[in-house]
Amino acid sequence: MTVPVALLLLGTLLAVVAPRLLARADWPEREPIVALWVWQCVVVGVLLCCTLSMVLSAASAWQAVRGHLFAPAPHGVVDAYALRTTGPWAATVAVVLALGGAWTAAMLVREVRRARTRRRQRRTELQVRAPLLPGEEPGSDRLVVLEGERPDAWWLPGQTPQLVITTAALRRLKGRQLDAVLAHEEGHAQWRHDWLLHSSGALAAGFPQVPVFAAFRDQMHRLVELAADDVASRRFGRLTIALALVELNEDRGVFGPCPTPHTHVPQRVHRLLTPPSRLTPARRLRLTAAAALVPLAPLLVTFMPGLRALG
């Protein structure tokens, strides 16, 4: 088995097995930040397998690529990879994977452009509903209060992130609940969760038939909310942020039997009100270290033949 084929098989195995294991596990609910890291490592590992397989397939198919790629290496390294003995499929694999990479980049650019367009539209609407006072500069105020009958709070990402809250939310939230909601939104801004959502959305839109990318997108939308809940709960308590979520969403029918776009809110409230059974620091460290090794697997598969040749 040649190295490019081994990398493709490794990427396929990782894309199939890892999401199923994560779906069956219960620790992501308790440790959303670790779960975010693990999911990113899984997706990076799959993309890295495809990228390295494309590079080695191109080196096998075309002498010019092989010459540039292995120019500093001894002649035995090329023989160790068996690049001269591969069949005509190498060029096809390299071209298909290259087209897939170009398509991924195009989807990411499209997602970023759409996000910027939506952000400009929302900032324009925000300026209309909350015009600047004399002497104020755009983006100088990180907290914007809007007149509104529905309690709501959200953040606008960008170079100068802004937290937006309605007057109805100010009237309804009591005591430290307002501070907890603002801490939740600040957690999104601090950890730049918008980039995770854009990247996962681009992969899922570009490759709708690949289950690992669809699962990655869905899990990112859920886990970033859980992670922001934990940021707020560490400062103001789990009960405080749970009550704030109830106050903000009870008029939207999310706690009833009919499904709504905010059906994840009851699960978040239940999670916050359930006594946590946290992973021990040692187990969390081992889990994070194991996740960090996921992208290293394709690198080991790729460079092992060359290392053996050098030895």
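Guide: Helices (H or I, at least four residues) and strands (E, at least two) are DSSP runs, numbered from the N terminus. This is a predicted model, where local features need pLDDT of at least 70, side-chain atom pairs count only at pLDDT 80 or more, and totals for chains, interfaces and linings use all residues. Residues are numbered from 1 along each chain as its sequence is written, and side-chain values use heavy atoms, with hydrogens and water left out.

Visitor: How many helices and strands does the protein have?

Guide: There are 14 helices and 3 strands. Among contacts between residues at least 6 apart in sequence, 66% join residues at least 24 apart.

Visitor: Which residues of H3 and H6 meet?

Guide: On the H3 side they are Cys-50, Ser-53, Met-54, Ser-57, Ala-58, Ser-60 and Ala-61, and on the H6 side Trp-89, Ala-90, Ala-91, Val-93, Ala-94, Leu-97 and Ala-98. For classes, Ala, Val, Leu, Ile, Met, Phe, Trp, Tyr, Cys and Pro count as nonpolar, Asp, Glu, Lys and Arg as charged, and the others, Gly among them, as polar. The H3 contact with H6 comes out as 11 nonpolar, 3 polar and no charged residues.

Visitor: At what angle do H3 and H6 pack?

Guide: Axes are lines fitted to C-alpha atoms, for helices over the stretch in contact, and angles run from 0 to 180 degrees between N-to-C directions. Helix H3 (residues 32-61) packs on helix H6 (residues 89-129) at about 140°, and their axes are 8 Å apart. To name an angle, under 35 degrees is roughly parallel, over 145 roughly antiparallel, 65 to 115 roughly perpendicular, and the rest oblique. H3 and H6 are therefore oblique to each other.

Visitor: Is the crossing of H3 and H6 left-handed or right-handed?

Guide: A crossing is left-handed if the near helix is turned anticlockwise from the far one by less than a right angle, and right-handed if clockwise. H3 passes H6 in a left-handed crossing.

Visitor: Which angle do H9 and H10 make?

Guide: H9 and helix H10 (residues 211-236) pack at about 165°, with axes 7 Å apart. So H9 is roughly antiparallel to H10. The crossing of H9 with H10 is left-handed, and their contact has 10 nonpolar, 4 polar and 1 charged residues.

Visitor: How do H8 and H10 cross?

Guide: Their axes come within 8 Å and cross at roughly 135°, so H8 is oblique to H10. H8 passes H10 in a right-handed crossing. H8 brings Asp-179, Ala-180, Ala-183, His-184, Glu-186, Gly-187 and His-188, while H10 brings Val-224, Glu-225, Ala-228, Asp-229, Val-231, Ala-232, Arg-235 and Phe-236. By class that contact has 7 nonpolar, 3 polar and 5 charged residues.

Visitor: Is His-184 buried or exposed?

Guide: Buried means under 20% relative accessible area, exposed over 50%, and partly exposed in between (1.4 Å probe, protein chains only). His-184, in helix H8, has 5% relative accessibility, so it counts as buried. Leaving aside neighbours within four places in sequence, His-184 is in contact with Glu-225, Ala-228, Asp-229, Ala-232, Ile-241 and Arg-268. Across the protein's 311 residues, 41% count as buried.

Visitor: What does Arg-268 touch?

Guide: Not counting residues up to four places away in sequence, Arg-268 touches His-184, Glu-225, Leu-226, Asp-229 and Leu-245. Arg-268 is in helix H12 (residues 264-273), and at 7% relative accessibility Arg-268 counts as buried.

Visitor: Which side chain does Arg-268 join in a polar contact?

Guide: A polar contact is a pair of N or O atoms within 3.5 Å; within protein, one must be able to donate a hydrogen and the other to accept it, and residues adjacent in sequence count only if both atoms are side-chain atoms. The side chains of Arg-268 and Asp-229 make one at 2.9 Å.

Definitions and conventions. Contact means heavy atoms within 4.5 Å.
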